[in-house]
Amino acid sequence: MQFEAPFISDEMQLEEEWLDYNGHLNMAFYNVLFDRGVDAIWQQLGFGPEYIKRTGHSTFSAEYHVCYLRELHMGAKVRASFQLLDHNDRSFHFYQELIHEDGWVAATGEGLGLHIDMSGPRVAKLPEENHARVKALFAAHSSLPRPARVGRQMSIRHKAGN
């Protein structure tokens, strides 16, 4: 199976009810766009809605960090990128960008996803078929540069003497 490097979603539009009282996209809906942006790559990896019905397994987010770089306003169209940074037989580390139709990056996200046996729920090994697809995606993405925003630590910068 061939994978884009990085994967880029179809174009998505903001919905009016997603705007906050400042007139721009509410922070929660950046996550919605990042999540919707992976639907197609999840299908390619075999993790679509039918996967849970067929196997009793799914994927969960364990951790996700967003950096808000530029405001998005009504009428904006964006695409979400997805770059697989690392994986094992139970989890995957990834990076995303929300890219405005004019080419600038509105937000970045870094996440850790888990493969889950829903009967627990508990973390479980990926079936070999899905793990093979994850390995193929990683191979396609392994030549991409590591994004500068990966691994950022959150803290407050203090001036000397404060």
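This is a predicted model: local features need pLDDT of at least 70, side-chain atom pairs count only at pLDDT 80 or more; totals for chains, interfaces and linings use all residues.
**Stop 1: the largest core**

Start with Ile41, Trp42, Leu45, Phe47, Phe82 and Leu137. These residues have the most contacts inside the largest nonpolar core, which has 15 residues. Now colour four elements: α2 (39–45), β4 (77–87), β5 (91–100) and α4 (128–141). Each supplies at least two residues of this core. Helix α2 gives the largest share, three residues.

Next, a second core. It is separate, has 14 residues, and includes Leu25, Leu33, Leu98 and Ala107. In soluble globular proteins, nonpolar side chains tend to be buried together.

Go back to Phe82 and show what surrounds it. Which residues is Phe82 in contact with, leaving aside its neighbours within four places in sequence? The list runs Pro6, Phe7, Val38, Ile41, Trp42, Phe94, Tyr95, Gln96, Leu137 and His141. Keep Trp42 and Phe94 on display for the next stop.

**Stop 2: the aromatic cluster**

Select Phe34, Trp42, Phe47, Tyr51, Tyr64, Phe82, Phe92 and Phe94. Ring pairs link these residues into a cluster. The structure holds 10 aromatic pairs. Zoom in on Phe47 and Tyr51. Their pair is edge-to-face, with 5.3 Å centre to centre and 80 degrees between the planes. Phe47 is buried at 8% relative accessibility. Tyr51 is buried too, at 1%.

Then turn to Tyr64 and Phe94. Why is this pair described as tilted? The ring centres are 6.0 Å apart and the planes stand at 35 degrees, so the pair falls in the tilted class, which lies between stacked, under 30 degrees, and edge-to-face, over 60. Tyr64 sits in strand β3 (residues 57–68) and Phe94 in strand β5, so the pair ties together parts 30 residues apart in sequence. Phe94 is buried, at 6%.

One more ring before moving on: Trp104. Arg70 lies over its face, at 3.9 Å from the ring centre.

**Stop 3: salt bridges**

Show the charged side chains. The structure holds six salt bridges. Side chains of opposite charge can pair when their charged atoms come close.

Select Glu15 and Arg36. Their side chains meet in a salt bridge, 3.2 Å from N to O. Glu15 is in the loop between β2 (12–13) and α1 (27–37), and Arg36 is in helix α1, so this pair ties together parts 21 residues apart in sequence. Both partners are partly exposed: Glu15 has a relative accessible area of 28%, and Arg36 has 41%.

Move to Asp89 and Lys125. Here the closest N and O atoms of the salt bridge are 3.7 Å apart. Where do the two residues lie? Asp89 is in the loop between β4 and β5, and Lys125 is in the loop between β7 (122–123) and α4. The pair links distant parts of the chain, 36 residues apart. Asp89 is partly exposed, with a relative accessible area of 24%.

Now follow α4 to Glu129 and Arg133. The salt bridge between their side chains is 3.0 Å, N to O. The two residues are four apart in helix α4, so about one helical turn separates them. Glu129 is partly exposed at 49%. Arg133 is partly exposed at 23%.

**Stop 4**

Ala136 is partly exposed, with a relative accessible area of 27%. Which residues does Ala136 contact, leaving aside its neighbours within four places in sequence? They are Met1 and Phe3. Draw a distance from Ala136 to Met1: the C-alpha atoms are 7.2 Å apart, across 135 residues of chain.

Finish at Ser91, in strand β5. Ser91 counts as buried because its relative accessibility is 14%, under the 20% cut-off. Not counting residues up to four places away in sequence, Ser91 touches Leu112, Gly113 and Leu114.

How values were computed. Residues are numbered from 1 along each chain as its sequence is written. Side-chain values use heavy atoms; hydrogens and water are left out. A nonpolar core is a set of buried Ala, Val, Leu, Ile, Met, Phe, Trp, Tyr and Cys residues joined through side-chain atoms within 4.5 Å. Buried means under 20% relative accessible area, exposed over 50%, partly exposed in between (1.4 Å probe, protein chains only). Contact means heavy atoms within 4.5 Å. A salt bridge is a side-chain nitrogen of Lys or Arg within 4 Å of a carboxyl oxygen of Asp or Glu. Rings of Phe, Tyr and Trp (its six-membered ring) pair if their centres lie within 6.5 Å; planes under 30 degrees apart count as stacked, over 60 as edge-to-face and the rest as tilted. A charge sits over a ring if NZ of Lys or CZ of Arg is within 6 Å of the ring centre and within 35 degrees of the ring normal.
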